[in-house]
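Trainee: Please take one part of this model and look at it closely with me. Start with a single residue, then show me what surrounds it and how the rest of the chain is laid out.

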Amino acid sequence: MIYMLVAILRNGEKVNVAAPYWSIERLLKLKEEQSFFCPACKEPVKLKIGKIKIPHFAHLTATCQADSEAESTYHLNGKKQLYVWLKRQLLAAEVEKFIPSIAQRADLFVSFQHKRYAIEYQCSKIPPDQVIKRTNGYKKERIKSIWILGWKQMKQVGEHQYRLTPFHCQFLHSPQNDHPFIINYCSDKKTFIFFSHLIPFSKQNIFAASAMISPESFFFRDCLQGKSLAANGLWKHWLKKISQYRLKPLFQKTNEERKLQKKVYETVGLSLSQLPVEAFIPLKSGYMVDEAVYIWQCSVLLFIETLRADEVFHAEKLVWHLKKIGMKERSCSVKTDLKKPIIEYLTTLSHLKFLQPIGPYSFRKTSSPFHLESMEKREQRLGQYLDKEGMFFSAVE
């Protein structure tokens with residue numbers, strides 16, 4: 001069943017039950033006097049005023065030309081709350097605006113600084129091709145899409161740790177493909193939950209700075225440019241995660257980890273539990289790689305290990321090598337490029353004195369990261385570098 005907050009009368013007048021004007025008493029009176037129709041398919045709809053769901057319109061049949069899905073009470077409430085949130089900012093906002101040229105109905109539609117935006121409040125799991133279709137439909141009409149994820153779709157798996165699936169990757173925001181963020185909203189708690197500093201440890205386990213923000217402190221412009229958010233304390237939890245991984249039993253390892261373990265042992269005679277901390281470096285662009293951080297970074301370290309002392313290589317050669325062994329970009333809503341995290345990683349290794357930059361994207365091997373010195377000393381050195389770079393400690397814009 002398709003539920004809506006907007007319908008039209010026989011004379012074409014629009015009725016938006018999300019507007020504060022429509023009290024229960026006024027709606028009951030209107031229901032007695034008028035018939036209602038879907039703005040998209042023009043078929044009759046019924047005004048429902050019950051005790052469980054907020055007042056809404058329901059199609060009498062399950063078919064409608066608008067690209068919609070069944071909506072829960074959680075979704076309906078959130079859509080109304082987000083509409084009120086936009087109106088309180090004195091923005092020209094509409095709820096459930098139907099765009100005939102693309103047969104799509106945006107949950108919310110807003111004009112801001114001479115641009116048009118469609119806001120989709122996504123509270124259920126949908127296939128990637130549907131997200132792409134809707135996004136491209138808006139793009140065709142020069143409308144920018146903003147996806148806000150229903151909070152119930154996120155799963156916390158540890159302190160500062162969340163599950164990031166291909167479904168979630170569809171809703172990443174990043175104005176400059178840097179410091180990606182996810183906007184969540186909980187209609188039960190009436191609050192935004194904002195995620196920044198998304199740094200994957202494995203394919204579906206990410207570390208993130210997060211904060212619950214009231215609608216009074218979160219503004220529409222924050223959906224476009226992000227929100228300043230401190231990321232204090234994540235380094236400590238990242239180190240704890242490395243320790244847990246090193247203690248991971250052999251029989252629990254994935255096929256990719258088993259292949260890597262064989263390669264590491266054959267090349268340097270170590271097990272995965274002995275990997276240096278430099279195989280676990282958190283990077284701002286790390287989310288662009290569709291692989292666990294220790295697998296792709298260790299593959300880079302093994303490539304460097306096979307080089308002669310003082311041998312020079314170009315980053316493009318390394319990118320080609322990684323693609324050849326199966327590394328690829330993560331599929332998500334923002335542009336990704338495997339070369340970007342590779343360059344960031346090599347630059348970090350240069351600061352840690354394992355490489356020497358000698359030109360644009362060219363590096364010389366200076367030492368081997370598999371020469372195991374004091375683990376504590378290396379962790380401290382890396383932590384100091386990340387602190388200086390603001391990886392886990394400064395605010396994100």
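Mentor: Find Glu96 in strand S7. The model is predicted, so treat every value as computed from it. Glu96 is not a glycine, yet its phi is positive, at about 55°. Now check its cover. Its relative accessibility is 4%. Buried means under 20%, so Glu96 counts as buried.

Next, step out to the sheet. S7 belongs to an open sheet of nine strands. Read the order across it: S7-S8-S9-S10-S13-S14-S15-S12-S11. Strands of a sheet pair through backbone hydrogen bonds, and they do so either parallel or antiparallel. Two strands sit at the edges, S7 (92-99) and S11 (156-158), and each pairs on one side only. From one strand to the next, the twist averages 40°.

S14 covers residues 191-200, and S15 covers 205-213. They pair in the antiparallel sense over seven bridges. H6 (residues 234-246) lies across S12 (161-163), S14 and S15. H6 runs at about 150° to S15.

Now compare a second sheet. Three strands form it, in the order S16-S18-S17. This sheet is open too, and its pairing is antiparallel. S16 (312-314) and S17 stand at the edges with a single partner strand each, so one side of each has no neighbour in the sheet. Neighbouring strands here are turned by 35° against each other on average, with direction ignored.

Look at how S17 and S18 join. S17 (residues 355-359) and S18 (residues 362-365) pair in the antiparallel sense over four bridges. Pro357 has Phe363 in S18 as its bridge partner. Gly359 stands opposite Ser362 in S18. The two strands form a hairpin with two residues between them. Tyr361 is in that turn, with a positive phi of about 65°. H10 (residues 339-351) lies across S16, S17 and S18, and it runs at about 115° to S17.

Two lysines are worth a stop. Lys42 sits in the loop between S4 (36-37) and S5 (44-48). Lys42 has a positive phi of about 65°, although it is not a glycine. Lys262 is in helix H7 (residues 255-268). Its relative accessibility is 52%, and exposed means over 50%, so Lys262 counts as exposed. Its C-alpha atom is 32 Å from that of Glu159, a residue 103 positions away along the chain.

Finally, zoom out. The protein chain has 11 helices and 18 strands. Its C-alpha atoms fill a box of roughly 85 × 45 × 35 Å along the principal axes. Of its 397 residues, 53% count as buried, and Glu96 is one that counts as buried. Take the contacts with a separation of 6 or more: residues 24 or more positions apart account for 64% of them. The chain exposes about 19,100 Å², with 51% supplied by carbon and sulfur atoms. It has 60 positive and 38 negative side chains. The centres of those two sets lie 2 Å apart.

Methods
Residues numbered from 1 in each chain as written. Predicted model: local features only at pLDDT ≥ 70, side-chain atom pairs only at ≥ 80, totals over all residues. Heavy atoms only, no water. Buried < 20%, exposed > 50% of the residue type's maximum accessible area, 1.4 Å probe, protein only. Contact = heavy atoms within 4.5 Å. Areas by Shrake-Rupley, 256 points an atom, 1.4 Å probe, with all protein chains shown as cover. Lys, Arg positive; Asp, Glu negative; His and termini not counted. Charge placed at Lys NZ, Arg CZ, Asp CG, Glu CD. Pairing = 2+ DSSP bridges. Axes fitted to C-alpha atoms, helices over the stretch in contact; angles between N-to-C directions.
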